[in-house]
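Reader: Please walk me through the salt bridges in this model. Keep it brisk.

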Amino acid sequence: MRETINKWFFTQVDNSALVVFRMVYGLILTCEAFGSIALGAVKRLFIDTEFTFTFIGFEFLEPLPGYGMYVLYSAMGIAGIFIMLGYKYRMAMLFYAITWTYAYLLQKSSYNNHCYLIMLLNWLLVFLPAHKAGSIDAKKNKELLKIHMSRWIYILIIGFVWIVYSYASIAKFYPDWLDGSFEKFLMSTRGRDYEILQQDWAHVAILYYGLLFDLIIVPLLLWKRTRWIAIIASVFFHLFNSIVFKIGVFPYLALSFLLFFLTTETVHKRFLSKKTFYAAREVIVPKHAGIIKVFTISFLLIMLVLPLRHWVIEDDVLWTEEGHRLSWRMMLRSRSGRAVYYVENKETGKRERVNIKERLSRKQFNSANTKPDFMWQLAQRLKKEYADKGEDVAVYISSSVSINGRPRSKFTNDTIDIASQPWSQFKHATWLMPSPLQDTPTNRP
């Protein structure tokens, strides 16, 4: 059994796919960093805001002062170039992993799955031998040069991609997606520039294509007979998302994973033909084989289990948002709403309304109106602000939320002092009202 596992994990294969992926990924990281500066994301998220909403537990993080965030993102862009070229690879990859994680945890107002995916990939690539060929490092140091790698790297990356796609599909098995109402609502808001996307047949096509693509694309890519059909379907799917939804680098990152589904001969011939091809298929068990096996299996198990946490939390994740993040729930729902924040002096009983719009950015304001963790964090901040002025206050929130175009329903219990409530990543917030989703049909545009 051990010999079979070692053969499965440590058979050596040509490393062209990992090397080319490093080049493409470095370019993506470079575009992401410099693009965040050029398109104003750094300014909006870190410079123009009075404060940032961190992930809960990381409130100690603060943006760098002055133009520090511009300097940081510029350095990240340079590190991306180093990664692409394979120059000082380990150092550049570690730097990008640390700085991206810092920026990711520092603000969640613009949370999306590609930011989470990049964070995970950054840390994985710190330890993967992606610079052993086709790199300045390997050119300068001949002892570093290798034309092969262990097969466990394929297992890790393909397994990870399969999990991401599978959960993206599983999350779509809910009434609003299956009856086509969410697709219709989404196209009326995000696809309104394209008349063809307002047609009923287009909504049906999006329903089935989105559902089935995520569910079966990896098996189709793994099977030789359907591989090129799956590749064409992938290109169409991700370019459609890029053009219609304008979701940054994510579609191109997703397309770069196709390298690991092509045969090693194909990747070598088409992208690195000057590199010597490795075809020996030896089994080389490294010194730390046990650590590698434990790491690979543990990482994939965590990725399998983490998205399931919302099932142990009371109520519907679509309503409460509890367990939504880190679960690959992509392009799945639309939230809108309105919240009114009140502070009440516990000694005098005097209550006043807080104008949150004047202190928050647009995205922060939208999230503080609709998402419970933002509400809780803002309540904590208001309590602290008043405490600094010598007042002990309670914070009440009266809010209503709409999911996928439904009429707004009461979201929070406005008789509970939210600032006094604890927060748990794995428990339901009792100050949220029960989900009304099963009782309220969507408004079809």
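Author: Some questions and answers on charged side-chain pairs follow. This is a predicted model, where local features need pLDDT of at least 70, side-chain atom pairs count only at pLDDT 80 or more, and totals for chains, interfaces and linings use all residues. Residues are numbered from 1 along each chain as its sequence is written, and side-chain values use heavy atoms, with hydrogens and water left out.

Reader: How many salt bridges does a search of the whole structure find?

Author: Side chains of opposite charge can pair when their charged atoms come close. A salt bridge here is a side-chain nitrogen of Lys or Arg within 4 Å of a carboxyl oxygen of Asp or Glu. Searching the whole structure gives 16.

Reader: Are aspartate 373 and arginine 325 buried or exposed?

Author: Their side chains meet in a salt bridge, 2.6 Å from N to O. Aspartate 373 lies in helix H18 and arginine 325 in the loop between helix H16 and strand E3, so the pair ties together parts 48 residues apart in sequence. Helices (H or I, at least four residues) and strands (E, at least two) are DSSP runs, numbered from the N terminus. With buried meaning under 20% relative accessible area, exposed over 50% and partly exposed in between (1.4 Å probe, protein chains only), both residues are buried.

Reader: Which residues are linked in a network of salt bridges?

Author: Aspartate 417 meets lysine 346 at 3.9 Å, N to O. That pair links distant parts of the chain, 71 residues apart. Aspartate 392 forms a salt bridge with lysine 383, with 3.2 Å between the closest N and O atoms. The network links Lys346, Lys383, Asp392 and Asp417.
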